[in-house]
Amino acid sequence: MKFKRRKRRSLWIDVAFSSAIMAMTAFALLLIFNTSDSSTSASPNKIKEEPKPEVLINSSDSNFPGIKIVTETTNDPKQPFAIQYPQSEYEEFNSRILEYIDQWKTRYFENDENQDASAKELNISFETVQNQSGNYSFVILAAISTSETDIDSEIRTFHIQPETGKEIKMADLVGQDVEKLKRTAKVVRDHIYQNPDFKDVLLPENVWQPTEPLWRNYQNFALTDQSVLFYYGAGVFTEESEGPVTVEVPLEKLNPFLAADYQVEITEKPAGKKVALTFDDGPDPKSTVRILETLKKYDAKATFFMLGSRVEYYPEIAQQVAEAGHELGNHSWNHPSLTKLPDKKLYDEVQGTTDIIKQVTGEPATVFRPPYGAENERVRAITNLPVVLWDVDTLDWKHHDPQKLLAKVKAHTRNGSIVLMHDIHKSTADGLDSVLAYLQSQGYTFVTVSELENY
Ligand code: ZN
């Protein structure tokens, strides 16, 4: 967890700030201590000796009812530390906190060979966050610095229901429901991919594992009135290790799967123009990858209607589409005209594609588009997925011309449009940047088809 200190780390400002406060507190307490000492045992002939390092422990009330702040500092210049942590009236909570603090002390005092001890410092500080439900989240930031640039650090969170002392976990937020945890994971992943802080340094393949929908991956969080903050270790998502990473997800986005206590009222936003870009017949190792890059540049989400046969052939590309947070659609296995198929073949075409998309990406296909738009009652009945067609046909498969692609989009796109393109043509990948630039200039935001209200 070692990393180099870099610019833009507001957390370190917090650390520096709280260290300064603690240093001042320690100084004030030292003054009091020394004053009382000299008044009781003033001895002019006493031989001067090195004062023994003192550890000062101070407990004070916080602004949060029932929560005390304990501060431990030392005047030992060789092994300085400033530690601050919360304590409550509940023994179980208190010992969990102390156990964690002790782990850091042990790490600090034991691993000190081969190091310049005078350059070392242990800092532990915390923030308290209260949610409308009444629950407290304590966000503890612990750091051992061996030099200006070399810091071993971690964020760890603890939760308590102040009236009962009950520990709060992610499962309490989403009601022990794994399906809801999965949807939470999807929202968190989307947020990471869209986070401007990670722009240029994000390694998409590194996001999948630490955000897998397992309860243990979602215990390190803080709950505010507006958002859930998820914390990850240094260098989890990025090549450069920058220290603990925070991903803040608005509660609005998690609302549909939160337990009632944690839901927020959703304020209606003024409706802007939306367009859903859709890409059929992929994935393709060349064009799809370029299209993903262009979409990312515009922070655009799209929907990819994939062929099962190509997902099987290019699983990594399908994974990249899913990891970038786009919607996945089923476009049949081999692209036949489904209305002409016998029942068994029809079923295999559709279900086989649903299965392989899930198997390869871990994400479900959420929409279905029959090849050529050819559908009837029998085709609709074969799947629970909503059938999605289009209203803007770019004919990119026919003309292979970026100019004509743009012209079609300009001529036909309106608010709520679904634009049909194909991510297997180089000309489409070539022309997409102009299409996105144009639509953005017209005030459109780019959404998946499921995000359109009426599709
Ligand atoms: Zn097609």
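These notes cover the zinc site, some backbone features, a helix pair and the nonpolar cores of a predicted model.

1. Basis. Local features in this predicted model need pLDDT of at least 70, side-chain atom pairs count only at pLDDT 80 or more, and totals for chains, interfaces and linings use all residues. Residues are numbered from 1 along each chain as its sequence is written, and side-chain values use heavy atoms, with hydrogens and water left out.

2. Zinc site. Asp 281 (OD), His 331 (NE2) and His 335 (NE2) coordinate the zinc ion at 2.0 to 2.2 Å. Donors are N, O and S atoms within 2.8 Å of the metal (3.2 Å for Na, K and Ca); water is not among the atoms, so the site may look incomplete. The spacing of the donor residues in sequence is D-x49-H-x3-H. Both His 331 and His 335 are buried (under 20% relative accessible area; exposed is over 50% and partly exposed in between, with a 1.4 Å probe and protein chains only).

3. His 335 backbone. His 335 is found in the loop between β13 (327-330) and α10 (343-361). Its phi is positive, near 65°, in a residue other than glycine. Helices (H or I, at least four residues) and strands (E, at least two) are DSSP runs, numbered from the N terminus.

4. Cis peptide. Gly 282 and Pro 283 are joined by a cis peptide bond, with omega about 0°. Pro 283 lies in the loop between β11 (273-280) and α7 (287-297).

5. Gln 176. Gln 176 also has a positive phi, about 60°, although it is not a glycine. The residue sits in the loop between α3 (170-174) and α4 (178-194) and is exposed, with a relative accessible area of 58%.

6. Helix pair. The axes of α7 and α14 (residues 426-441) come within 9 Å and cross at roughly 5°. The two helices are therefore roughly parallel to each other (angles under 35 degrees; over 145 is roughly antiparallel, 65 to 115 roughly perpendicular and the rest oblique). Axes are lines fitted to C-alpha atoms, for helices over the stretch in contact, and angles run from 0 to 180 degrees between N-to-C directions.

7. Cores. A nonpolar core is a set of buried Ala, Val, Leu, Ile, Met, Phe, Trp, Tyr and Cys residues joined through side-chain atoms within 4.5 Å. The largest has 42 residues, of which Leu 277, Phe 279, Leu 295 and Phe 304 touch the most other members. A second, separate core of 29 residues includes Ile 168, Val 174, Val 188 and Val 249.
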